[in-house]
Amino acid sequence: MCGQDLEELRETFVAFRDQCIELRNAQKIFEHLFESGDDTLKLLEDTAPLFFFDVQNILIEHIYLKACRLTDVASVKRGKEVRRNLTVPHLRNRLHDVELLSGEIIALADALQTYGDMLRAPRNRRIAHADLRAVLNDEDRGEHDEKDYQAFFRDLQEFCDHVGVALNEGPLDFRVVPGPGDVIDLLRVLERGKYRGR
């Protein structure tokens, strides 16, 4: 195994994990705004219902696109050029090439791929493209079971941790990434502002 190949793979993995963190951040914003209870939903409705309805739709599309993007094919041929994608299949192939592909990584990659495949057709018809028939018939936008959704994010974390360990990058817990000025702070400000007009 060439040291340069391994270093390139580490850089690729870190870039991939950064994409996973961005996706997880979007998912956490969605969760805090729209899945944290009736009181929060009432607060959003009382504050700016049209704005938060739009934000909800934007986040759903963004999360679907990112999940599909991370599970897209490893490469695409455009004319004579082959373009590699920063995806689970690409990492799996590269780990195989450097003999670091474990059974755990294969199982997690397969589970992530299954979820991505479930979203791909609705993503192609309703989000990435505006398929006329799908839009006019208000076809499925990729609705699926909550347990599949939660399993995807759990598997994504575990996949990154196993790959990180294999590449001596270590695990990195990105299940919660709060910070000053995040969605929790926004909700606190909205809650405080609710009482000013009374």
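What follows is a chat about the fold, core and some residues of a predicted model.

Biologist: How many helices and strands are there in the protein chain?

Modeller: The model is predicted. The protein chain has eight helices and two strands. Along the sequence the pattern reads α-α-α-β-β-α-α-α-α-α.

Biologist: What box do the C-alpha atoms fill?

Modeller: Taken along the principal axes, the box is roughly 70 × 45 × 30 Å. The accessible surface of the protein chain is about 11900 Å², and carbon and sulfur atoms account for 52% of that.

Biologist: What share of the residues is buried?

Modeller: Of the 198 residues in the protein chain, 37% are buried. As for contacts between residues at least 6 apart in sequence, 67% of them join residues at least 24 apart.

Biologist: Now the inside. How many residues are in the largest nonpolar core?

Modeller: That core has 44 residues. Phe16, Leu23, Leu33, Phe34, Phe152, Leu156 and Phe159 have the most contacts inside it.

Biologist: Which elements give two or more residues to this core?

Modeller: They are helix H1 (3-34), helix H2 (38-47), H3, helix H4 (88-97), helix H5 (103-127), H7 and helix H8 (183-194). H1 gives the most, with eleven residues.

Biologist: Take leucine 23. What is it in contact with, leaving aside neighbours within four places in sequence?

Modeller: Leucine 23 is in contact with Ile63, Lys66, Ala67 and Leu70, and also with Phe152, Phe153 and Leu156.

Biologist: What caps the N-terminal end of H7?

Modeller: Aspartate 145 does. One of its side-chain oxygens lies 2.8 Å from the backbone nitrogen of lysine 147.

Biologist: And which residues of H7 are buried?

Modeller: Tyr149, Ala151, Phe152, Phe153, Asp155, Leu156, Gln157, Phe159, Cys160, Val163 and Gly164.

Biologist: Aromatics next. How many aromatic pairs does the structure hold?

Modeller: Six. One of them joins tyrosine 149 and phenylalanine 153, with 5.2 Å centre to centre and 75° between the planes, and this pair is edge-to-face.

Biologist: How many residues apart are tyrosine 149 and phenylalanine 153 in helix H7?

Modeller: They are four residues apart, so about one helical turn separates them. In general, an α-helix has 3.6 residues a turn, so residues three or four places apart point the same way.

Biologist: Is tyrosine 149 buried or exposed?

Modeller: Tyrosine 149 counts as buried because its relative accessibility is 9%, under the 20% cut-off. Phenylalanine 153 is buried too, with a relative accessible area of 3%.

Biologist: Which residues do ring pairs link into a cluster?

Modeller: Tyr115, Tyr149, Phe152 and Phe153.

Biologist: And what about the rings of phenylalanine 51 and phenylalanine 52?

Modeller: Their centres are 5.0 Å apart and their planes are at 75°, so that pair is edge-to-face. Phenylalanine 52 is buried, with a relative accessible area of 7%.

Biologist: Back to H5 for a moment. What does leucine 108 touch, not counting residues up to four places away in sequence?

Modeller: Leucine 108 lies in helix H5 and touches Asp155, Glu158, Phe159 and His162. The C-alpha atoms of leucine 108 and aspartate 155 are separated by 5.9 Å, although the two residues are 47 apart along the chain. Leucine 108 is buried at a relative accessible area of 8%.

Biologist: Where is glutamine 56?

Modeller: Glutamine 56 is in helix H3 (residues 49-70). Its relative accessible area is 24%, and it is partly exposed. Not counting residues up to four places away in sequence, glutamine 56 touches Phe30 and Phe34. From glutamine 56 to threonine 87 there are 31 residues in sequence and 26 Å in space, C-alpha to C-alpha.

Biologist: Last topic, the loops. Where does glutamate 99 sit?

Modeller: Glutamate 99 is in the loop between H4 and H5. Its phi is near 60°, a positive value in a residue other than glycine. At 74% relative accessibility, glutamate 99 counts as exposed.

Technical notes. Residues numbered from 1 in each chain as written. Predicted model: local features only at pLDDT ≥ 70, side-chain atom pairs only at ≥ 80, totals over all residues. Heavy atoms only, no water. Buried < 20%, exposed > 50% of the residue type's maximum accessible area, 1.4 Å probe, protein only. Polar contact = N/O pair within 3.5 Å; in protein donor to acceptor, adjacent residues only side chain to side chain. Phe/Tyr/Trp six-rings, centres within 6.5 Å; stacked < 30°, edge-to-face > 60°. Contact = heavy atoms within 4.5 Å. Core = buried A, V, L, I, M, F, W, Y, C linked by side-chain atoms within 4.5 Å. Areas by Shrake-Rupley, 256 points an atom, 1.4 Å probe, with all protein chains shown as cover.
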